[in-house]
Amino acid sequence: MRAPDPNTSMDGVIAAASRVILGKDHQLRLALACLLARGHLLIEDLPGVGKTTLAHVLAQLLGLNFQRIQFTSDMLPADILGVSIYDRDSSAFNFHPGPIFAQVVLADEINRATPKTQSALLEAMEERQVTAEGQTRPLPAPFFVIATQNPQYQIGTFPLPESQLDRFLMRIELGYPDRAAERELLAGADRREVLAGMAPCLSPAELLAHQESVRRVHVSDALIDYVQALVAHTRESADWQAGLSPRAALALLASARAWAWLADRDHVLPEDIQAILPGVAGHRLRPAGDAPATGSVARLIEAVPIP
Amino acid sequence: MAKARSPALSPVQAWWLIATGIAVAAPLVPHIPPWLTIAAGLALLWRTALAWQRKPLPPRWLLVLLVAAGCAGVLWQFRTLFGQNPGVALLILLLALKYLEARTIRDGLAVVFLAFFLALAQFFYSQVIPAAIASTLGVLVATATLLALADPRDPPLATLRRAGVMLLQALPLMLLLFVLFPRVQGPLWALPRDANSARTGLSDTMAPGSISELSQSDAIAFRARFPDGVPPQRQLYWRGPVLSDFDGRAWRPLGEKPQPRLPYTEPDAGGIDYEIIIEPHNRHWLFALELPGATTAAMLATHDYQLLATEPLATRRRLAMRSYPAFHAGSDEDATVRRRAMFLPEGSNPRIRALAAQWRAQARNDDDVLLAAQTFFLRQRLLYTLMPPLLGEQTADEFLFDTKQGFCEHFANAFAVAMRTAGIPARVVTGYQGGELNPVDGWLTVRQYDAHAWTEVWLPGRGWLRIDPTAISAPTRIDLNLAAAVPASDPLPLLMRVDLAWLRDIRFRWDAVTNAWNQWVLGYSPARQRDLLRRLGMREPDWRSMTATLAVLAGLALLALTAWTLRQRRRRDPVLALWERFSHRLGRRGLARRPDEGPHDYAARIATALPQAAADMRAIADLYARLRYGPATTGVGTGLDELRRRMASFAP
């Protein structure tokens, strides 16, 4: 069994974060699991439900440096990656790193940018490095992108294509806070002040170590059977246009490991898969025909018995 | 609660449905009125166009109108809505119109089930191999459509292939049902008008021209198999209707009541055993080599040695026969019969009458007269042809002295008349002569163009003797076949053309396949079924024991399948087996694990339901989860024992 301290520190992160993001423990936990699984997170929801705050809180509590990029339709790739500017003193071009050179990057309203700019970000996310002017520069570690996206029926957006959605390990929705949480928010102190007064619970090195131990969480054959059964069901059923890819299956396992680690377990249970399944599979499955999109993952869980 | 709506058809599914409709309805086109074909085609085209342009389907009131119009059309065509033809026409009409309102998967399923029925409807008209192939294709497409309705994402070829595999998988069950399902005697769809349509074949009167008509037909009359080798061609006289009454132009049978016993005693030796399969011809006649031996219970014999069935042959019939080629009967023939066999109308054929008087004057006995007549026939150089000139009143005279060209009925007619004028009892026998041996399966096929007529004369002390006057003038007809005997310019059926060797080869093979199909598939009658089952060891195979066996075997097959599936599931670790048994135990209290419920979720639910046992339950679930999902180092052996112990002591 593992020593309890990393875990308590993660619990501390969640406890602290939930003082700012009220009543969203599950989403916080998913976001942390995503980070621990070295994935990137897409938050999709209406404006004003706390997407940006969530990103802020995570960066602050984990002691990571934070950059925020507000995407707009006139944004260019160089605005994210950085640009070389001629320096008269040294008579040379100096590279000025863009906002992406940070440990936590909040890509706010990513679907407002043009596909060209989007893909610059997504490539950097995938490769964890930036190539500009013939030179490859690694991005800091840990590197965690939280992108937010407004629902696509909002005017003036460029929805991310499926292939790019796949770059995000998870997609979560925050949703409106419940009545009690909203009341606390309205009546209580300004969240920004609370946030500013927070001390980091973790150092970046510790986080990297945690990421490493997440990878060692045991996955049994029986569990792989379950993942395969789920994936096979999405491929055979007529409910979806296409089934889950092997990459999606890997994402399921990675996320479930992180989830199990957060629950202080050294092995993954079917419940872990079920817990992260909506976040991991939701944006990768497009319903076929006019089947409703909502609840399609819940139906998937119900349809596949645990072997 | 809102009514659950079936999902809409996707364009791919609509295409599949259209393909199914075409596949099952196309073979029925020759059997339905042309206007219906056009109407159904238009409906399909319309649906296709709508599917193509993704436009909405026509409104309901229009469909109601169309259905009413179609039904009126069927009613007008057939004067009724009931029966086979109007039924099939209605089915096709409704299928075509159903397309125009097929919006959802559920409608699609209705179309497919209708299509399955239509695929079967072909067999009301014809049960030959091509019909079976067409029907199978229809079923294949319909099955593929069912698959596409369930999941339209596969490419068409893959769907078709999967449907084919599924049909192949159904094959054992189909064979089981075919062999064991109690057979019904007679045609499945015993509807009037169906079986009694005209068929080519011999008739019970013979006038000049009546047999040469048959020479243009290559339809099969019957097939025969000789286990001990086929007798020489010249012995293959297949006896059919015997015609003794002559009115100056046409020959008719005496029409006496047939008896269940042969009018003669069978000889002890010289019998040939063979098997014969007669195609249905809606007459009582059976065909047998001259002269046939003992009849079975279902056969009768006429006084003039023709075998008859007790019922008209409406279906293909298989019979075991024995004949005595060297045997002559009737030396003690009735005087009345002999007198009737010498009757000629007044003033009939004066020229041959004068000639016969001459023969009689010069002859010492009947044998001499017979010889003189045969010599005369030979000297006249009569030409055997399929296209003889038309004859007037005195058919025998004109044939023998004027036209000198004729087909077998001219020869038989003239010879019988000549014999009667000379005072020798004579009659005409019709039937078939020869046949073609199929080298592929060893069956002798006798076709309508093998139809023949010959004569029989009665000599005192010897009985009835066969004289074939055609053989005198055209011996090749008897030794070989029709094609060898007639002039090369005569029109022959395609199948008789000797110069097309490859065609004959194909025909032989196809014939053999058809024959096997007839015997083993279509000819699988109640009697054959009983035989087979008896041979398989069933003592008294009636429909009850057959149904019971069928149920038992089908049940066994299902059991085997279930056992196999279960076995597949049983190959798993003992931890899971314990867990499932445990869940099953709790299931008796209504707390069974849902299939998609993980151990901790389950434990949480049980803990809420049975608070007193919450701690135990959590411990069990934890242990189970660790054993099943944890790293192998946890120690499965001891852990398993502990799990078993905890589960046994779990008493909520």
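**Sheet and helix packing in a predicted model**

Me: Over how many bridges do β2 and β12 of chain B pair?
Reply: The model is predicted, with local features needing pLDDT of at least 70, side-chain atom pairs counting only at pLDDT 80 or more, and totals for chains, interfaces and linings using all residues. Residues are numbered from 1 along each chain as its sequence is written, chains are lettered from A and ligands numbered from 1 in the order written, and side-chain values use heavy atoms, without hydrogens and water. Strands (E, at least two residues) and helices (H or I, at least four) are DSSP runs numbered from the N terminus, and two strands pair if DSSP finds at least two bridges between them. Strands β2 (residues 237-243) and β12 (residues 426-433) of chain B pair in the antiparallel sense, and the number of bridges is 5.

Me: Which strands of chain B stand at the edges of the sheet?
Reply: The open sheet has 5 strands in the order β6-β2-β12-β15-β16 (chain B), paired antiparallel. Two of chain B's strands have a single partner each, so one side of each is left without a neighbour in the sheet; these are β6 (288-289) and β16 (463-467).

Me: Which residues of α12(A) meet α10(A)?
Reply: Helix α10 (residues 221-236) and helix α12 (residues 270-281) of chain A pack at an angle of about 35°, where axes are lines fitted to C-alpha atoms over the stretch in contact (heavy atoms within 4.5 Å) and angles run from 0 to 180 degrees between N-to-C directions. From α10(A), the residues L223(A), Y226(A), V227(A) and L230(A) meet, in α12(A), P270(A), I273(A), Q274(A) and L277(A).
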